[in-house]
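Let's work through a few exercises together. Have the structure open beside you and try each task before reading its solution.

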Amino acid sequence: MTTEEFKLEVQAIRPRLISQAQRYLDNTDDAEDVVQDALLRLWQMREQLRSPLNRMAMVVTRNLAIELLRQRKSEDLLEYVETDEPREDYRIERIHTILSTLPPMQQTILRLRHMEGWEMADIAELVGSNEVAIRKSLSRARKALKEKYLSMRNDETNE
């Protein structure tokens, strides 16, 4: 997708993306931030994308809005629960942190497959690729996630 094509599509779908983010977040400023982040991620992988962009943009926006809600919920819970004992279970937070370090396309494929339950064929159609390429990318993403997770865990035990 060329830069010009990307800009034209973004102008057309941006109001829909903001509307979707507001339904999740109930806050215009947060919705704007989420849409901006979504468009930045799409921009970073624009060369791999094909038109129309709206389905992919909606998925990325929704995932970022949900991620923001999860972060807030865990922050609220931590403020509510006051204890002298350190928190032991960082597994989910650690996985989300590692996931955000992966390349945008791998993040998207992992989220669509494992968090949204999409089929490989649907993911391939969405990103304009074939199932074999999606399977390979998913495999690489899982491997990277596992390696980084184990590395973090080993680093903590060595401290």
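Axes are lines fitted to C-alpha atoms, for helices over the stretch in contact, and angles run from 0 to 180 degrees between N-to-C directions. Helices (H or I, at least four residues) are DSSP runs, numbered from the N terminus. This is a predicted model, where local features need pLDDT of at least 70, side-chain atom pairs count only at pLDDT 80 or more, and totals for chains, interfaces and linings use all residues. Residues are numbered from 1 along each chain as its sequence is written, and side-chain values use heavy atoms, with hydrogens and water left out.

**Exercise 1.** Describe how α1 and α2 pack.

*Solution.* Start by finding α1 at residues 3-25 and α2 at residues 28-44. Next, take their axes: these lie 8 Å apart, at an angle of about 145°. Finally, look at who meets whom (contact means heavy atoms within 4.5 Å): F6, V10 and L17 are among the α1 residues that meet α2, whose partners include V34, L39 and W43.

**Exercise 2.** Find the buried residues of α6 and say how they are arranged.

*Solution.* First, locate α6 at residues 120-127. Buried means under 20% relative accessible area (1.4 Å probe, protein chains only), and M120, I123, A124, L126 and V127 are buried. Now look down the axis of α6: the buried residues fall within an arc of 165° (taken from the directions from the helix axis to the C-beta atoms), so they line one face of the helix. Just after α6, G128 has a positive phi of about 75°.

**Exercise 3.** Where in the chain is confidence lowest, and where highest?

*Solution.* Recall that pLDDT is the predictor's confidence in each residue, from 0 to 100. The chain has a mean of 80. Helix α3 (residues 54-80) is lowest, at a mean of 72, and α1 is highest, at 88.

Note on methods. Buried means under 20% relative accessible area, exposed over 50%, partly exposed in between (1.4 Å probe, protein chains only). Helices (H or I, at least four residues) and strands (E, at least two) are DSSP runs, numbered from the N terminus.
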